[in-house]
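Here is a short briefing for a reader new to this structure. Please look over the sequence and the model first.

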Amino acid sequence: MSVSLALRHRFSAGAVALGYRLVVVIAMCAALALASDAFFTESNLINVLRQAALLFLIASGLTLVILTAGLDLSVAANLGMSACLVASVLKSTGSPLLGMLTGIGSGVAIGCTNGLLVTALRLPPFIATYGMLWVLHGLSYYYMAGGTIYGFPPGFREIGSGYLFGVPIPIYLMFLFLAIGWFFTARTTYGQEIYAIGANPTAARLSGIPVKRRLVLVYAVSGGMAGLAALVYLARLNSAEADIGEPLLLPAVAACVIGGASLFGGVGTISGTLVGALILTLVLNGMNLLQVNANWQPFVTGVIVLAGVWIDMVTRKRTEDRL
Amino acid sequence: MSEMPTLAVQPRRLRAALAATPGVAYILLLLVVAFGMTSKDFLSGANLLNIGMQSAILLMLALPMTFVIMSEGLDISLGALLTLCSVVLALMLVRGNGLPVALAAAVAVGLAFGLANGLLVSVVNVPPFVATLGTMGMAQGLALAVTDGQSVVGISEYVQPIYEGGIFGVPIPLAFALGSYALSHWLLYHTRFGSYVFAIGGNREALVLAGVRANLYHIGIYVFGGCMAGMAALLLTARTNSGHPTAAIGMEFDAIVAVAVGGTSFERGDGWLFGTVLGVFAVGVMRNGLNLLGVPSSLQVVSIGLLVIVALFVDGLKRRP
Amino acid sequence: MPAAAEVTPPDRATPVLELRGISKLFPGVRALDDVSIPIHAGEVHMLLGENGAGKSSLIKVLYGAYQADAGEILHQGRKVTIASPADARRLGIAVIFQEFSLVPFLDIAQNIFLGREFASRIPGHIDHLGMHAEARKLLELLGMEQDTHTKVHQLGVAQQQLVEIAKALSQHARILVMDEPTAALSDHETERLFKVIRRLKQEGVAIVYISHRLAEVFELGDRITVLRDGRKVSSLLPSETTPDELVHLMVGRAVDTSYAREFCDRPGELALETTELGSDRGISGVNIEVRTGEIVGLAGLVGAGRTEVARAIFGADKVTHGQVRIFGEPLNGGPDVSARRGVALIPENRKQEGLALIRSVQDNLLLASLARLFPRGWFDPAIGRRVSVEKIDELRIATPSPLRLVRYLSGGNQQKIVIGKWLNAGCRLFIFDEPTHGIDVGAKAEIFTLIGELVSKGAAVLMISSELPEIVHVCDRVYVMRGGQVAGHLTRAELTEANILRLAMHHE
């Protein structure tokens with residue numbers, strides 16, 4: 001009996017998939033440790049975890065949208081816009097609390113708008129969020145007028161730069177939202193309904209699930225997480241510019257795809273996305289350590305997204321043929 | 001069809017004629033009138049020529065985008081691809097290759113990415129949005145990587161003549177635009193390829209049942225886009241006088257808006273090529289007009305973004321009888 | 001089984017196409033069983049049979065979508081193989097389906113010659129003039145006056161059909177198969193079509209014509225073949241038979257007596273009442289009543305509107321007229337409201353509309369009852385598992401584990417899961433759409449036992465089915481649909497297959 005079959009009898013399919021990915025993570029760490037002395041240093045590892053944490057925060061919300069067979073292309077622009085708003089609120093009021101509320105609020109508001117575009121106007125998610133991407137892009141640039149806002153109150157900066165027992169706060173946030181995300185998807189009825197919607201929206205609707213309401217929820221959460229990620233990012237960088245979020249879109253999608261979320265919906269987990277974020281960050285970290293020009297990173301991320309989608313399609317076909 | 005009393009026919013006929021006139025004509029008219037009134041420089045000959053020249057590049061992207069959208073797909077990599085081709089063109093020139101060789105290289109790059117898009121969408125069956133999202137990232141990344149983030153300059157001597165010279169007195173950008181339109185028009189309405197574009201969007205099974213290798217033509221649609229991006233790279237490089245790694249990022253958005261506003265439907269295999277031309281003018285007019293009014297380009301994007309949402313909404317309404 | 005009567009008029013030559021002993025088997029089902037049919041040139045050959053009799057399988061064999069498992073096909077007396085649509089085309093066989101394969105935004109000529117466009121001397125360029133001239137000729141042959149430059153989407157259904165016929169003719173079709181061609185046509189358009197068919201007959205084209213309208217069969221047919229259960233029951237000339245006899249030939253299948261039901265003699269409260277129900281999907285003026293303890297059937301031919309009625313009641317389609325009452329209270333809104341009110345819909349297409357195939361048995365069983373089992377929103381997998389295991393046992397669903405993905409289960413078990421899903425939701429009105437569709441014989445009896453238990457425990461059932469023997473065997477009474485409206489109602493005493501078919505087929 002093959003290994004995979006043996007494993008599948010003891011563990012659920014999801015756990016097995018996660019296991020494979022963790023093996024990849026370990027293998028990559030081993031390979032990088034061999035390839036470069038700089039890898040296994042404390043500062044580098046913390047750095048990797050920080051980056052992965054930030055990426056995970058955005059990608060976790062995005063995962064929920066992908067579970068419903070949708071896509072939120074505006075998450076990065078959402079982060080950018082929210083970050084700019086937070087920055088100016090922080091500068092004008094000096095209150096970290098108001099800043100945080102603005103960030104989450106802005107993120108959720110943008111997310112809800114996406115949700116309404118998809119459910120009320122019946123725009124396909126890809127197109128609706130793509131349009132939203134450009135609208136937000138434009139608004140952020142206009143709002144910032146080419147300038148930068150920097151210098152935030154120290155209380156606020158703790159979110160991104162602070163430490164607790166020697167571990168950076170963002171990493172705690174990562175584990176916190178891993179737990180929340182897991183709980184939401186695995187231990188609430190909303191989670192079950194979201195998986196059902198992704199697996200077969202027609203059957204979900206005909207089984208009495210309020211599909212439209214859940215879709216708005218999912219986009220709102222995705223937006224909210226983008227807002228949260230904006231806070232962390234801002235706190236770390238201590239400055240805000242209009243294009244702050246742009247480079248994060250492809251990596252976020254990549255993290256979800258590597259993590260096993262299928263763009264056709266109904267398949268994927270928050271923990272998978274976490275591991276996906278780790279794997280992607282390790283790849284980029286490795287490129288840095290090996291002195292590869294940073295300009296190659298977007299290209300590599302694009303290739304990874306396509307490779308991940310292709311693998312997803314091939315494995316889907318294979319299991320369908322096996323029927 | 002019931003007969004109607006002659007007197008009652010008149011208002012009916014007028015209304016029918018109004019309804020039959022494509023929406024984009026109204027939009028264009030509205031925009032021209034609006035900007036003409038608010039800005040005195042708008043309707044000057046020099047300005048209108050300016051709009052024409054600038055729209056040429058967008059037109060060269062919007063025409064193949066029309067084909068893609070008619071086939072129920074979408075190509076969001078065209079902007080990044082155009083950028084990459086422009087960079088390739090500039091790099092080749094800087095290395096001492098003549099203009100023809102450089103242009104050939106640019107087109108080759110465009111063709112390669114177009115082929116990749118086509119294969120992903122029709123053979124591997126990746127949803128077009130996702131496939132072109134991936135290739136967009138790759139193209140964008142490559143452009144950044146090979147230029148190290150810097151513009152490629154020092155090519156003025158090669159590209160200057162493009163913007164200043166002409167073919168039989170026609171400025172080169174306009175010549176390119178006219179040529180592209182002529183080519184696209186011929187392809188869509190006078191070749192099997194064009195008929196099959198309608199079929200892939202309208203009823204792909206009919207094509208397969210007729211024994212046609214639908215995949216081949218489906219790939220061809222994206223290859224067409226890639227090649228046009230390669231050719232348009234010449235105009236872009238000439239205009240910016242350099243190979244800038246982010247020059248045309250996002251231009252595909254304007255192209256999609258132009259196609260949508262022009263009346264091409266996203267889901268029925270229905271398309272109007274001249275509508276795209278009008279749509280391109282509409283976008284060009286909007287940008288130009290807003291410029292003259294001092295509206296920063298960032299906000300221009302917002303209004304164009306809203307335009308596409310409106311256009312898609314209207315398209316959705318048209319589809320649901 | 002009545003013996004098949006072969007009738008060959010003395011003056012006919014070799015049939016242009018002949019099927020001999022054609023059989024087609026699927027696991028558990030004989031779609032075609034030793035069917036032999038001669039098709040003669042210049043004849044309209046009517047093919048009759050109720051849903052599932054084998055007509056569509058026969059068509060698929062004719063145009064190469066199915067390969068027969070036994071038997072042979074002879075073309076002009078010579079044995080041939082039809083392995084693909086291309087082979088069929090080469091033999092001159094063309095099929096006009098109910099869903100046309102036309103490209104909406106191309107014009108008539110382009111559609112006729114799709115894939116075979118005329119080339120001009122300029123490479124790549126299409127010779128429009130030549131193509132349109134040829135198209136014009138074909139349209140004239142069919143008596144169609146449309147400009148060949150008209151885009152197909154602007155044409156009415158009748159005209160689109162003529163374009164399809166023109167397409168077939170342009171491929172030199174000598175055998176035309178038409179599947180319910182008049183289903184969407186007005187009387188006037190039907191007359192026009194008949195004129196065209198008669199003209200084609202004169203040209204020597206053979207026409208295989210499938211219809212449920214007995215009037216047409218006698219008006220247009222030169223020969224009639226009746227299929228039943230995949231077998232050819234009879235081949236007759238119209239002059240030798242009557243509509244009544246045809247109806248009797250079409251029905252009369254052996255009944256599966258492994259399931260017997262005690263019919264309801266004391267129906268309970270009024271569970272479902274519709275008043276002049278109409279929806280945007282073509283049904284109107286539907287008045288139906290179902291009481292607890294009853295299994296009420298909803299019969300009719302394909303396309304008569306049965307599924308549309310079910311969907312309108314359930315809220316899946318928009319109700320444009322009339323009202324639905326569940327246990328006396330009006331029901332408005334979508335499926336989520338209906339589910340909460342205790343109404344269940346088990347759809348015909350269970351894989352596309354009833355199940356999430358990539359999810360597990362457990363996930364599917366809980367699909368309709370999440371809100372009910374976990375009112376606060378906290379999902380407890382232990383409870384979920386317990387409830388699913390209960391249902392699995394109760395319904396005897398064959399699965400190695402509740403976590404098995406539903407896609408791997410057999411049709412019968414999948415159907416049980418759909419039913420189980422609604423049992424968990426505590427429903428009292430169940431609407432079944434083709435409950436035994438695609439299920440093997442053994443499982444069918446189980447499904448009916450389940451349904452019987454449901455009503456004996458106080459639920460009400462509305463059951464749509466195309467299997468007439470089952471309706472007769474299982475239902476207390478039946479509404480028959482035709483053309484989007486209720487054509488009639490049959491009580492237990494009046495409930496026979498022949499009566500149902502008569503009402504369904506526009507023949508009183």
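Axes are lines fitted to C-alpha atoms, for helices over the stretch in contact, and angles run from 0 to 180 degrees between N-to-C directions. Helices (H or I, at least four residues) and strands (E, at least two) are DSSP runs, numbered from the N terminus. This is a predicted model: local features need pLDDT of at least 70, side-chain atom pairs count only at pLDDT 80 or more, and totals for chains, interfaces and linings use all residues. Residues are numbered from 1 along each chain as its sequence is written, while chains are lettered from A and ligands numbered from 1 in the order in which they are written.

**A helix pair in chain B**

- The axes of helix H3 (residues 45-70) and helix H13 (residues 273-292) of chain B come within 8 Å and cross at roughly 135°.
- H3(B) and H13(B) are therefore oblique to each other; angles under 35 degrees count as roughly parallel, over 145 as roughly antiparallel, 65 to 115 as roughly perpendicular and the rest as oblique.
- The crossing of H3(B) and H13(B) is right-handed, a label used if the near helix is turned clockwise from the far one by less than a right angle.
- Residues of H3(B), including B:Ile51, B:Leu58 and B:Thr66, meet residues of H13(B), among them B:Val277, B:Gly284 and B:Asn288.
- The residues of this contact divide into eleven nonpolar, eight polar and no charged. Ala, Val, Leu, Ile, Met, Phe, Trp, Tyr, Cys and Pro count as nonpolar, Asp, Glu, Lys and Arg as charged, and the others, Gly among them, as polar.

**Where chains touch**

- In chain A, 30 residues are in contact with 33 residues of chain B; contact means that C-beta atoms, placed from the backbone, lie within 7 Å.
- On the chain A side, helix H6 (125-144) and helix H14 (297-321) are the elements that give two or more residues.
- That side of chain A has 21 nonpolar, eight polar and one charged residues.
- Chain C gives 15 residues to its contact with chain B, and chain B gives 18.
- The chain C side has nine nonpolar, five polar and one charged residues.

**The six-stranded sheet of chain C**

- This open sheet has the order E16-E17-E18-E13-E19-E20, with mixed pairing; two strands pair if DSSP finds at least two bridges between them.
- Strand E16 (343-346) and strand E20 (485-490) of chain C stand at the edges with a single partner strand each, so one side of each lacks a neighbour in the sheet.
- The twist averages 20° from one strand to the next.
- E13 (residues 295-299) and E19 (residues 477-482) of chain C run parallel, joined by four bridges.
- C:Gly297 stands opposite C:Val478 in E19(C).
- Helix H18 (residues 497-504) of chain C packs on the sheet, touching E13, E19 and E20, and makes about 25° with the direction of E19(C).

**C:Arg306**

- C:Arg306 lies in helix H9 of chain C.
- C:Arg306 is buried, with 27 other C-beta atoms within 10 Å; the cut-offs are 20 or more for buried, 12 or fewer for exposed, and partly exposed in between.
- C:Arg306 and C:Ser465 are 159 residues apart in sequence, yet 8.9 Å apart in space, C-alpha to C-alpha.

**The four-stranded sheet of chain C**

- This open sheet has the order E2-E1-E4-E5, with antiparallel pairing.
- Three bridges join strand E4 (residues 70-75) of chain C to E5(C).
- C:Ile73 stands opposite C:Val80 in E5(C).

Notes: Contact = placed C-beta atoms within 7 Å.
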